[in-house]
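Me: I would like to learn how to read a model like this one, feature by feature. Can we start from the overall layout and work inwards?

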Amino acid sequence: MKRISMYFIIFMLLLFIISCSKKPYSNINIEKALELMDKSTNLVLLDVRTEDEYMSGSVPNSINIDVLNTDFKSKIDILDKNKDYIIYCRSGNRSTIASSIMSSNGFLNVYNLANINYSDFVNAVLTNEN
C-alpha cells in the first residue's frame with residue numbers, strides 16, 4: 001500500500017509540474033503517429049506502461065520503460081537524444097509525464113500520443129502494416 005501511495009504522490013507532483021510548464025514536446029494523434037512511422041528512419045516507439053501491461057501486448061518494435069518506475073530517468077539517459085520518439089501508454093496520462101521528463105532532459109523530438117486509447121493505437125499500427 002505504501003508503494004502505491006508513493007507512486008500516486010509522484011504522479012500528482014509530476015502532473016502539477018507539467019501543468020505549470022510550457023510543453024516542449026508535441027501532442028499528436030494516431031494519423032500523425034502513423035505518418036511519422038512511415039517517414040522517419042530515426043524513430044523509436046516508447047511504451048511507458050508497466051512491464052506487466054507491456055508483456056500482455058505491445059506495439060511491434062516498441063521498447064518499454066515504465067515511467068512510474070524509480071529508474072525511468074536513468075534508463076532514458078542511455079537513449080539517443082537525437083532520435084524521434086513517439087511516447088504512448090494506455091490512455092495518455094503517463095505518456096504526458098514521460099514526454100515532459102524527456103523534453104526537459106534534452107530529447108529534441110518528442111511526440112506524445114495524447115488522449116489516445118492504447119487499443120486504438122495498436123490496431124491502427126497493425127492495420128497500417130498490412
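Me: In what order do the elements of the protein chain run from the N terminus on?

Reply: They run α-β-α-β-α-β-α-β-α-β-α. The chain has 6 helices and 5 strands. Helices (H or I, at least four residues) and strands (E, at least two) are DSSP runs, numbered from the N terminus. This is a predicted model: local features need pLDDT of at least 70, side-chain atom pairs count only at pLDDT 80 or more, and totals for chains, interfaces and linings use all residues. Residues are numbered from 1 along each chain as its sequence is written, and side-chain values use heavy atoms, with hydrogens and water left out.

Me: How do I read burial, and what percentage of the residues in the protein chain is buried?

Reply: Buried means under 20% relative accessible area, exposed over 50%, and partly exposed in between (1.4 Å probe, protein chains only). Here buried residues make up 42% of the 130 residues in the protein chain. A contact means heavy atoms within 4.5 Å. Among contacts between residues at least 6 apart in sequence, 70% join residues at least 24 apart.

Me: How do I check a helix, and what does H6 reach from its first C-alpha to its last?

Reply: Compare its span with the expected one, which is 1.5 Å times one less than its number of residues. H6 covers residues 118–129, 12 residues in all, and reaches 17 Å, close to the 16 Å expected. At the N-terminal end, Asn117 caps H6: a side-chain oxygen lies 2.7 Å from the backbone nitrogen of Ser119.

Me: Which residues in H6 are buried, and what do they pack against?

Reply: Start with the general idea. An α-helix has 3.6 residues a turn, so residues three or four places apart point the same way. In H6, the buried residues are Tyr118, Phe121, Val122, Ala124 and Val125. Seen down the axis, they fall within an arc of 160°, so they line one face of H6. The arc is taken from the directions from the helix axis to the C-beta atoms. These buried residues pack against helix H2 (30–39) and strands E2 (43–47), E4 (84–88) and E5 (109–113).

Me: And H5: how many of its residues are buried?

Reply: 10 of the 12 are, so H5 is largely enclosed by the rest of the structure. Among them are Arg94, Ile97, Ile101 and Met102. Gly106 follows H5, and its phi is positive, near 95°.

Me: Which residues other than glycine have a positive phi?

Reply: Asn61 is one, at about 70°. Asn115 is another, near 55°. Asn61 is found in the loop between H3 and E3, and is exposed, with a relative accessible area of 73%. Asn115 is in the loop between E5 and H6, and is exposed at 70%.

Me: How do I read salt bridges, and how many are there by this rule?

Reply: Look for a side-chain nitrogen of Lys or Arg within 4 Å of a carboxyl oxygen of Asp or Glu. The count comes to 6. Asp47 pairs with Arg49, the closest N and O atoms being 2.7 Å apart. Both Asp47 and Arg49 are buried. Glu53 and Arg94 meet at 2.8 Å, N to O. Glu53 lies in H3 and Arg94 in H5, so the pair ties together parts that are 41 residues apart in sequence. Lys73 and Asp77 meet at 3.0 Å. Lys32, Glu35 and Lys39 are linked in a network.

Me: What is the nearest side chain of opposite charge to Asp66?

Reply: Count Lys and Arg as positive and Asp and Glu as negative, leaving out His and the chain ends. For Asp66, the nearest is Arg94, 5.3 Å away. Asp66 is buried yet has no salt bridge.

Me: What does the side chain of Asp66 reach?

Reply: The backbone nitrogen of Leu68, at 2.9 Å. That is a polar contact: a pair of N or O atoms within 3.5 Å, where, within protein, one must be able to donate a hydrogen and the other to accept it, and residues adjacent in sequence count only if both atoms are side-chain atoms. Not counting residues up to four places away in sequence, Asp66 touches Val48, Arg49, Thr50 and Phe72.
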